Amino acid sequence: MMADFKVISLNVAMSMLSISDLLRYDKPDLLFLQEVSNSTQTLCDRVESLGYWGESNVDPLHPSLPGTAVVWRKTLNVSEVNQLIERRAMSLKCGGEIFVNVYAPSGTANKKERMEMFNELSAYLLSFGRNKLPVMAGDWNVILAE
């Protein structure tokens with residue numbers, strides 16, 4: 001049986017102030033962010049006073065390259081946060097469920113990076129076998145039809 005969570009996935013082409021407003025007014029249990037450039041410390045400094053905690057998946061050597069982050073209510077039992085693919089995918093275990101936040105490369109210029117990322121992600125998903133798959137969220141940068 002799946003736990004009941006209020007989840008929001010958001011591309012952070014907006015300011016951290018807007019994220020604070022979203023947490024304050026929408027009060028999600030989990031918030032999955034993409035295009036993040038903030039460190040874990042900066043993220044936590046912004047959300048802690050609102051009763052949240054978080055972790056970023058950014059490259060500290062290349063802070064201009066955007067990554068992913070997850071923010072969760074401090075009252076949730078979060079047992080694991082893992083970087084699956086640097087800047088591109090991270091997982092979170094909470095309430096018996098595994099959540100995966102993805103930020104896929106976009107554009108034809110990044111086709112090779114995109115294929116490599118999806119191959120790595122597929123290998124991770126296949127590791128679950130026939131067991132319960134994780135809940136997927138994020139910015140897939142996919143055009144389904146034109």
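These are my notebook entries on a predicted model.

**Entry 1: cysteines**

I searched the whole structure for disulfides and found 0.

**Entry 2: helix H3**

I took helix H3 next, which runs over residues 111-126 and holds 16 residues. From the first C-alpha to the last, H3 reaches 22 Å, close to the 22 Å expected at 1.5 Å a residue.

Which residues of H3 are buried? I noted Arg114, Met117 and Leu121. These three cover an arc of only 70° around the axis, so they sit on the same side of H3.

What do the buried residues of H3 pack against? I listed strand S5 (78-85), strand S7 (97-103) and S8.

**Entry 3: aspartate 139**

Strand S8 covers residues 135-139, and aspartate 139 is found in this strand. Is aspartate 139 buried or exposed? Its relative accessible area is 16%; buried means under 20%, so I put aspartate 139 down as buried. I also checked aspartate 139 against leucine 33: the two are 106 residues apart in sequence, yet C-alpha to C-alpha they are 8.7 Å apart in space.

- With 32% relative accessibility, glutamate 35 counts as partly exposed.

**Entry 4: aromatic pairs**

How many aromatic pairs are there? The count comes to 3. I wrote up two of them, giving the distance and the angle for each.

Phenylalanine 32 and phenylalanine 99 form a tilted pair, 6.0 Å centre to centre with 35° between the planes. The pair links distant parts of the chain, because phenylalanine 32 is in strand S2 and phenylalanine 99 in strand S7, 67 residues apart. Phenylalanine 32 is buried at 1% relative accessibility, and phenylalanine 99 is also buried, at 1%.

Phenylalanine 118 and tryptophan 140 form a stacked pair: 6.0 Å centre to centre, 10° between the planes. Phenylalanine 118 lies in helix H3 and tryptophan 140 in the segment after S8, so this pair ties together parts that are 22 residues apart in sequence. I looked up the accessibility of both partners. Phenylalanine 118 is partly exposed at 22% relative accessibility, and tryptophan 140 is partly exposed with a relative accessible area of 28%.

**Entry 5: a charge over a ring**

Where does the charged end of arginine 88 sit? I found it over the ring of tyrosine 103, 4.8 Å from the ring centre.

Notes. Residues are numbered from 1 along each chain as its sequence is written. This is a predicted model: local features need pLDDT of at least 70, side-chain atom pairs count only at pLDDT 80 or more; totals for chains, interfaces and linings use all residues. Side-chain values use heavy atoms; hydrogens and water are left out. A disulfide is a pair of cysteine sulfur atoms within 2.5 Å. Helices (H or I, at least four residues) and strands (E, at least two) are DSSP runs, numbered from the N terminus. Buried means under 20% relative accessible area, exposed over 50%, partly exposed in between (1.4 Å probe, protein chains only). The expected span of a helix is 1.5 Å times one less than its number of residues. The arc is that of the directions from the helix axis to the C-beta atoms. Contact means heavy atoms within 4.5 Å. Rings of Phe, Tyr and Trp (its six-membered ring) pair if their centres lie within 6.5 Å; planes under 30 degrees apart count as stacked, over 60 as edge-to-face and the rest as tilted. A charge sits over a ring if NZ of Lys or CZ of Arg is within 6 Å of the ring centre and within 35 degrees of the ring normal.
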